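Please read them alongside the coordinates.

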Amino acid sequence: MDALDLHRLHFAFTITFHYLFPQLTMGLALLILILKTMALRTANEHYNHAARFWAKIFAINFAMGVVTGIPMEFQFGTNWSRFSKAAGGVIGQTLAMEGVYSFFLESSFLGLFLFGEKMLGRIGHWLAAFAVFLGSWLSGFFIICTNAWMQHPTGYVRGSAGEIILSDFWAFLLNPWVFWMYLHNMIGAVVTAAFVMSSIGAFYLLNNKHTEYGRTFLRLGVTAGLIAAVLMAFPTGDGQGQMVARHQPVTLAAMEGLFETTTAAPIALIGQPDVEKRRLDNPIHVPGMLSFITYKRWNAEVKGLDSYPRDTWPTQIPLLYYSFHIMVGLGTIFIALMGLSALLLWRRKLFTTRPLLWALMLAAPFPYIANTAGWMTAELGRQPWVIYGIMRTSEGASPNVSAGNTLFTLLGFMGLYAVLAILFLFLVQREVEHGPEPLPQPASIPAHA
Amino acid sequence: METLWFCLVAALITGYVVLDGFDLGAGIASLLIGRSAADKRLILKSIGPVWDGNEVWLLAAGGTLYFAFPALYSSSFSGFYLPLMIVLWLLILRGIAIEFRNHIESPTWTPLWDFVFGAASALLVVFFGAALGNVVRGVPLDSAGDFFLPLWTDFNIGAEPGILDWYTVLVGLFAFATLTMHGALWVYLKTLGDLQQRAKRLAQHALAAVALLALATTLITFQVQPHILESFAARPWGFVFPLVALTGLAGAFLSLRNKDELKSFLASSLFITGMLASVVFGVFPYVLPSSTNPALSLTVYNAKAPDYGLKIGLFWWIPGMLLALAYSVFVYRKFAGKVQLDDAH
């Protein structure tokens, strides 16, 4: 492997591991806020106990997110110095804004939220939960702004020596790419949190312990899960797809494995792209579907990879194709699973339908896979560019950092993160095993809401 | 405009060293004077609600440096590749140690994380000091503004220096003494009884070491980087900064004798502020001097981002930092007072 591949792998590995944690905390911040709101409205301590349990899970994940997040901000400089030198004046703005506007807010109020329930009072504690939610969702916004600019640069001009100069702050911050990408990403985080919550709820019911809480977790998890899973497909996924079709058409062709320009283009549900022979092996097609999804006309022409110069094709077409298909496929399954669960919840049968509880319990890892695959689609789809149309990834790496040094730190991160992952699973397992504190008096919560 | 941003970045870094400095120093104190698991738990508890917010100053400084001086950010971060990665690993281990230590009470779990917390804090402080030493000494920048330093070569300040040479190690030790004092004064402020007395003695010893090392480091620095003396000669008003540092150190000494806990901690903060301001003033307008050819040095003028971005940055940066300060004040007030073990979470 040459230095460039190692720099790419370095960033890919550390960001993929990092994003396992914020996707839960951003979604969970919203669900905890809902639990705190229910506690405030019903004056039922049950919801405060539930919120406290999730705050413990949140805290472990937050700590993991913080410690694995710091390397991300540094790696722009350490491993991608050419990119940083060129783009720092633009994307440094949003990265600094993340520190100034969200990290201070989050870190200040998380301490209060975790340690200050007694001193803050009911309303104060709700406000602390709200501040943590706001901080984490703002953080997501600034990161999406940064990434959206790399996907679709706006608000800049080129200087005499080709340098990139920020010229319109609002065009940069309100990049049209940001809107759908932000919603799609944040709702993806809610999907993860909702699946994890219903998974633990189902686990408690199936083991016949903490059942009061299990039911609450299932009610909230399944309701939020269905809403979020539907919103992932429409309108946010569709909106994001439209952006790609308009601004990165070659990426769309690669995602779909469409090698030749086609009218009434079919969508491939499954199949293996062969880039050498420029065809999709063993495809199962839905005729006309790709034209319809992209242009809302069954007969529309969709440009294939053959319409674009070879050196503008994404560099990892099969991986991009699979990432996209895994994301969409899992997203579809999520809607079905949560739809069925919500139906049974409404019919008051969910808590006794054991096969579905089993499915919900085992479903927790899959939103993580779907969110990771979604980010891989975005990042592999942007290739061969680091800033779309302006700077190639190969021009962005640090020329002064050798392959040997990069491999050294990559291996270091792999080892360290393996240890962190083991510790993390161990501690979360303990918290789940221990469960929420039982209510002091007989539960006053009805079995069905 | 670029000078203003230079001052703002310097202020963020100073804020980081003063704030995260005391919780890093508390880590060193935990290693040196924490005799029982209860002592260590108390020390951890004193920084528990605030250490994470303190560390955000580092991220805010990094982010601000990134957009205001992108050429400096990219050159220094890639050139100091290995030590930065080691700093990241230490920050990860330290954060995990603080957050995970109290999850399980066992004779194997707690001491392990106490040790990781203390050792990572100590090593971080030495590395941060050495990093400052590198910036003062200068690095072999090439015409593209790049350099790459190994961790060490022959420990001499020659044509091919390493990150660690005798000078930067000296600065690292100075930083170690300073933040040991600072952290011990924090523990002195936040605890009671025997632990508090031990913290006081540690602070007194560290203070003596700081005074000696400050003198030695300053004199040697004038040799290593003559530009600093030139700066003070050209703009004598800058002598106010070393004066602030001296006042801080003397104030810490006197307040410790008078057993004034808060004042001694604030005086130590003043000392750190004065020292860093002196360095920053002395190095200006360089932000990364070249050790081989002064013409290749990075300065505030050739490392800055274009003007529009710097101007627009002021509009969000100032209100944002005021807000951040307000949260910090709020949190510190909420958690003011001595820490005790009764309501262990």
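**Notes on the predicted model**

1. In this predicted model, helix α8 (residues 211-247) of chain A and helix α11 (residues 317-346) of chain A have axes that come within 9 Å and cross at roughly 140 degrees. Angles over 145 degrees would count as roughly antiparallel; α8(A) and α11(A) are therefore oblique to each other. The crossing of α8(A) past α11(A) is left-handed.

2. On the α8(A) side, the residues that meet α11(A) include R219(A), V222(A), L226(A), M232(A) and G237(A). Among their counterparts in α11(A) are G331(A), F334(A), M338(A), S341(A) and L345(A). By class, the contact of α8(A) with α11(A) has 11 nonpolar, 6 polar and 1 charged residues.

3. Y308(A) sits in the loop between β6 (301-302) and α11 of chain A. Is Y308(A) buried or partly exposed? Y308(A) has 16 C-beta neighbours inside 10 Å and so counts as partly exposed. Leaving aside residues up to four places away in sequence, Y308(A) touches V250(A) and W313(A). Between the C-alpha atoms of Y308(A) and L407(A), which are 99 residues apart along the chain, the separation is 34 Å.

4. The contact between the chains takes 49 residues from chain A and 53 residues from chain B. On the side of chain A that touches chain B, α3 (45-78), α4 (81-115), β2 (164-166) and α14 (403-434) each supply at least two residues. α4(A) gives the largest share of that side, 22 residues. The class breakdown for the side of chain A that touches chain B is 27 nonpolar, 19 polar and 3 charged residues.

Key:
Residues numbered from 1 in each chain as written. Chains lettered and ligands numbered in written order. Predicted model: local features only at pLDDT ≥ 70, side-chain atom pairs only at ≥ 80, totals over all residues. Contact = placed C-beta atoms within 7 Å. Helix = DSSP H or I, 4+ residues; strand = E, 2+ residues; numbered from the N terminus. Nonpolar A, V, L, I, M, F, W, Y, C, P; charged D, E, K, R; others polar. Axes fitted to C-alpha atoms, helices over the stretch in contact; angles between N-to-C directions. Parallel < 35°, antiparallel > 145°, perpendicular 65-115°, else oblique. Left-handed = near helix turned anticlockwise from the far one by under 90°. Buried ≥ 20, exposed ≤ 12 C-beta atoms within 10 Å, placed from the backbone.
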